[in-house]
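Morning, everyone. Please look at the sequence and the model on the screen. I'll keep this short.

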Amino acid sequence: ILHERPEECARETLTRRQKIAAAAGVVVLAGLLAWRPVTTLIALNGLAIVFYAVGFIPLLVLPLVFARTMPPAGAGGASGEPTRRDGEAPP
């Protein structure tokens with residue numbers, strides 16, 4: 001696959017531009033840490049919190065959305081009639 005379709009090969013995962021951007025980010029981060037270490041660490045902590053919260057929000061929202069669309073327990077099927085066991089007479 002390396003020679004047939006090199007763009008689909010996972011041998012090299014970062015492009016040259018991505019490597020340059022990552023190196024520039026490391027240099028800027030090192031400069032910020034040298035210039036204002038406490039402020040930089042507070043900002044990095046804030047970014048980590050935002051990243052964690054964005055990943056956690058769906059875990060909070062999805063159950064609430066599905067709780068509104070699901071019928072209450074014991075309410076039966078889609079028609080709202082209570083479910084019956086085999087042999088039970090209707091109420």
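A definition to begin with: a helix here is a DSSP run of H or I, at least four residues long, and helices are numbered from the N terminus. This is a predicted model, so keep that in mind throughout.

By that definition, T40 is in helix α2. Is T40 buried or exposed? Buried means under 20% relative accessible area. T40 comes in at 8%, so it counts as buried. What does T40 touch, leaving aside its neighbours within four places in sequence? The answer is L29, L32 and L33.

Now step back to the whole chain. The protein chain has two helices. It has zero strands. There are 91 residues, and 2% of them count as buried. The accessible surface of the chain is about 8,500 Å². Carbon and sulfur atoms account for 67% of that surface.

Next, the surface of the model. Which residues form a nonpolar patch there? They are Y52, F56, I57, L59, L60, V61 and V65. Together they have about 690 Å² of accessible area.

Y52 lies in helix α2, which covers residues 37-69. Its relative accessibility is 59%. The cut-off for exposed is over 50%, so Y52 counts as exposed. F56 has a relative accessible area of 34%, so F56 is partly exposed.

In general, a pair of aromatic rings is described by the distance of the centres and the angle of the planes. Rings pair here if their centres lie within 6.5 Å, and planes under 30 degrees apart count as stacked. How many aromatic pairs does that rule give? The count is one. The pair is Y52 and F56, with ring centres 5.9 Å apart and planes at 10 degrees, so it is stacked. And where do the two sit along the helix? They are four residues apart in helix α2, so about one helical turn separates Y52 from F56.

One more ring before I stop. This one belongs to W35. The charged end of R36 sits over the W35 ring. The distance to the ring centre is 4.8 Å.

To recap: T40 is buried, Y52 is exposed, and the rings of Y52 and F56 are stacked. Thanks, everyone.

How values were computed
Residues numbered from 1 in each chain as written. Predicted model: local features only at pLDDT ≥ 70, side-chain atom pairs only at ≥ 80, totals over all residues. Heavy atoms only, no water. Patch = residues over 30% accessible without salt bridge, like charges linked within 9 Å, V, L, I, M, F, W, Y side chains within 5 Å. Areas by Shrake-Rupley, 256 points an atom, 1.4 Å probe, with all protein chains shown as cover. Salt bridge = Lys/Arg side-chain N within 4 Å of Asp/Glu carboxyl O. Buried < 20%, exposed > 50% of the residue type's maximum accessible area, 1.4 Å probe, protein only. Phe/Tyr/Trp six-rings, centres within 6.5 Å; stacked < 30°, edge-to-face > 60°. Lys NZ or Arg CZ within 6 Å of the ring centre and 35° of its normal. Contact = heavy atoms within 4.5 Å.
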